[in-house]
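Subject: Structure for you to look at

Hello,

I am handing over the structure below, with notes on what was found in it. Please read the notes with the structure open beside them.

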Amino acid sequence: MPPAEPLAAVPTDAALIAAWHGGDEPAAAELVRRHARALARFLAGAGALEADVDDLVQETFIRAFRALGRFRGQCQFRTWLMTIGGNVLKDAHRRSRRAHVVPLGDDLRDTDGDPHEQAVADEAEQRLAVGLEGLTRLQREVFLLRAQQGLEYEEIAAALGTTSGAARVHYHHAVKRLKEHMK
Amino acid sequence: MNDDATVHDAKLREVARRLGARAAERLDVERTAQAVVGRLRTDPRAEVRVLGWIRPGWLRIAALLVMVVGAGVVAVNVRIPGVMPPVQSATAAGELSELSGDELREVLESVAQLGGEQQAVSAQDVGLDELSASQLRALLESLGG
């Protein structure tokens, strides 16, 4: 008798989405657990203040769950979530009209490791964050989805409603401008 | 792309990957998950938004229907004025011609009691209710042969 195949212990995003549609609240909570940190990184990279990230992540999930009926699986759920996060962040910036990036306070700095190396790393991040602010929204999102999240151009294009060629062009323009800024 | 550029790209990607890592680490994922589920459970805006999303579509369809029906009514009104009056008078004439001699006399007498000016008006120009008594009498006499 052949050995029984192991059961799929981890449900896919699609299965969780279907379960949520059926009124399964724990499925929604699991989707949040699965994608919240990646979304937080994306939002912070796109210019969200660290103090606002929690609220922005929540708001993004709320909007996403309400709009799930319009999600056709054209890209991964996480990628789609990030495009919604981009809209949430844009709306938040419009409301607050405040600077996207502020220098980190000492209390927020990571004190582990070599202080000099940490300072250099922090400075590079700050320069990149400021450089990202100078990009168009599309360039910034394509760059983050590609360089930060490691997505393929086809996936990025599907999420942003453009072609993979256009996504590639946006990425290269972004990299060119960021390199000039980081010099 | 030369090696220097490749190294530079790799460094850029490395910094990009670190970007936001601290914010992600600080996020209390479990608390966020419970907060999201709690808001989804209690906030009724979801239904409002769904309706708000649907309503414009129905409104557009309704507006289109109104325009189509309105255009149809206008088209019918433009056509009918040249056609309807003869049909109406012919119908009225047909009804009156079906009356017996006695019935016609009764109508004439009742009209005579109303009195009024005599005017030469074509039956095609006005409806029967707009005729004066003398005009109606003249019309009935002509129909009676």
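In what order do the elements of chain B run from the N terminus on? The order is α-α-α-α-α-α-α, and the count is 7 helices and 0 strands. Helices (H or I, at least four residues) and strands (E, at least two) are DSSP runs, numbered from the N terminus.

This is a predicted model, in which local features need pLDDT of at least 70 and side-chain atom pairs count only at pLDDT 80 or more, while totals for chains, interfaces and linings use all residues. Residues are numbered from 1 along each chain as its sequence is written, chains are lettered from A and ligands numbered from 1 in the order in which they are written, and side-chain values use heavy atoms, with hydrogens and water left out.

Chain B

Of the 145 residues in chain B, 20% are buried (under 20% relative accessible area, with exposed over 50% and partly exposed in between; 1.4 Å probe, protein chains only). Contacts are heavy atoms within 4.5 Å. Among those in chain B between residues at least 6 apart in sequence, 44% join residues at least 24 apart.

The interface

On the chain B side, 35 residues are in contact with 46 residues of chain A. The two chains bury about 3700 Å² between them, and carbon and sulfur atoms give 62% of it; buried area is the accessible area (1.4 Å probe) that two parts lose on being put together, summed over both. Within chain B, Leu12(B), Leu19(B) and Arg22(B) lose the most area to chain A, together 20% of what that side buries.

The rule finds 10 salt bridges across this interface (a side-chain nitrogen of Lys or Arg within 4 Å of a carboxyl oxygen of Asp or Glu). Helices H1 (3-18), H2 (21-26), H3 (29-42) and H4 (45-79) of chain B each supply at least two residues of the side that touches chain A, and H3(B) gives the most, with 12 residues.

Glu125(A) and its helix

Glu125(A) lies in helix H5 of chain A and counts as buried because its relative accessibility is 11%. Other buried residues of H5(A) include Ala121(A), Leu128(A) and Leu132(A). Glu125(A) forms a salt bridge with Arg18(B), the closest N and O atoms being 3.4 Å apart. Not counting residues up to four places away in sequence, Glu125(A) touches Val15(B), Arg18(B), Leu19(B) and Arg22(B).

Regards
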